[in-house]
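Please look over the sequence and the model below before reading on. The briefing that follows starts with the chain as a whole and then turns to two residues.

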Amino acid sequence: MPSKTMNEILNSAIQSVQQSKAAWCRFITGNDAGTTGSHQAGFYVPKCASSLLFDEPGQKGENKEKTVHIRWQNDFVTESCMKYYGQKTRNEYRITRFGRNFPFLQDENVGDLLIIAKFSEEDYAGYVLSSDEDIDEFLAYFNLSPDETNQLIDAAGVAQSDERILQFFKEFTARFKELPETKIMAAGARECYNRAYNIPDSSLTTHPDGILQGWIDTEFCLFRHMEEKFYGSLVSRPFASVADFVQVANMVLNRRKSRAGKSLEHHLADIFSHNGLFFEEQAVTEDNKKPDFLFPNGKCYHNILFPVGDLTILGVKTSCKDRWRQVLTEADRVQEKFLFTMQPGISRNQLKEMQDSHLTLVVPNHHIASFPAEWQSSIQNLAGFIRIVREKQERMPKHFLWA
């Protein structure tokens, strides 16, 4: 494996994206690693990112390719092939030919973040980030949600939004003289999204997965607009010193990471409330542990007479390759636990470990297809999780809630 430290690789990846002519990222899937049963050669690139491969889009009815050099992790180079398949029924782009000992197409790489940066028609840089911290740091740096991957990266971070929602963004940002706290930001994103697209409250019970995704994507866009308002003048002026520049850059980045980490919990709480579920956030269990969500609440959890089968624990992690084990220790009374994540795909080995540890993944519905086929039936979408909790709460003895 490459010898560079992951911190060096992360910093190099960010710098390469900033300096490149075009850059793209996406999570490595089971299809790439051959774990979904439909293995194709190399990494699939969507049509919206075709300029990463070729100056001109491919023409239907024709195939084309070019040989390029990709330096991976600042450590080794592959002579790879950029391909467009346009003949017969195919119409797709791929990056292929990595060599027999290429280390990033294994089952353990499923869920890693792949980054490709183009410097010239023949010269590219490639990076693979594995840890949750590095992935979150990279996405936060460019203010990307997990679902805004698999497209070209806008290194400048220019805010672009649907005209239907832009006016609501302007109205919301006009209320503040500084960036509001994360909970207010999340509520503002929900308000803008629901008003712009006429979302009724009933949709939160019938289509919670899609609504959640709309809220998350909207909040990232809203945050970009607010950053431009409150930080635009600050970063456009000359800095007195490098130290001043670093201080401002760190402030912006830390604000991005903090917001991204908490907003998912805020949106989920709103959905749970609209679905009439009893729950408590950050309820204290053993040893001062605080699971993200405890259903119905901490008082019932600590009441030894309350049926343990009616308790539910849900952890929330935007990405969970490293962090999923944290959920296992957060409530000793409850053996079967749940973890909500935006992670689009995890390796077979980790899924087996989760199963053996009595942990069930909950993911947005459209992410389930990115997991190995034989595991998809054991993964819950958000609507399914809500149904499980509701069924428990309909049968549980209600007098415990008011005792």
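**Overview of the chain**

The secondary structure of the chain amounts to 12 helices and 13 strands, where helices (H or I, at least four residues) and strands (E, at least two) are DSSP runs, numbered from the N terminus. This is a predicted model, in which local features need pLDDT of at least 70, side-chain atom pairs count only at pLDDT 80 or more, and totals for chains, interfaces and linings use all residues. Residues are numbered from 1 along each chain as its sequence is written, and side-chain values use heavy atoms, with hydrogens and water left out.

**Burial, surface and contacts**

- Of the chain's 403 residues, 53% count as buried, a term that means under 20% relative accessible area, with exposed meaning over 50% and partly exposed in between (1.4 Å probe, protein chains only).
- Among contacts (heavy atoms within 4.5 Å) between residues at least 6 apart in sequence, 66% join residues at least 24 apart.

**R259**

- R259 lies in helix 8, which covers residues 242-274, and R259 counts as buried because its relative accessible area is 2%.
- Leaving aside neighbours within four places in sequence, R259 is in contact with N143, T182, M185, E219, F220 and F223.
- Although R259 and A140 are 119 residues apart along the chain, their C-alpha atoms are separated by 9.4 Å.

**H207**

- H207 sits in the loop between helix 6 (203-206) and helix 7 (208-236), and H207 counts as exposed because its relative accessible area is 52%.
- The C-alpha atoms of H207 and L382 are separated by 9.1 Å, while the two residues are 175 residues apart along the chain.
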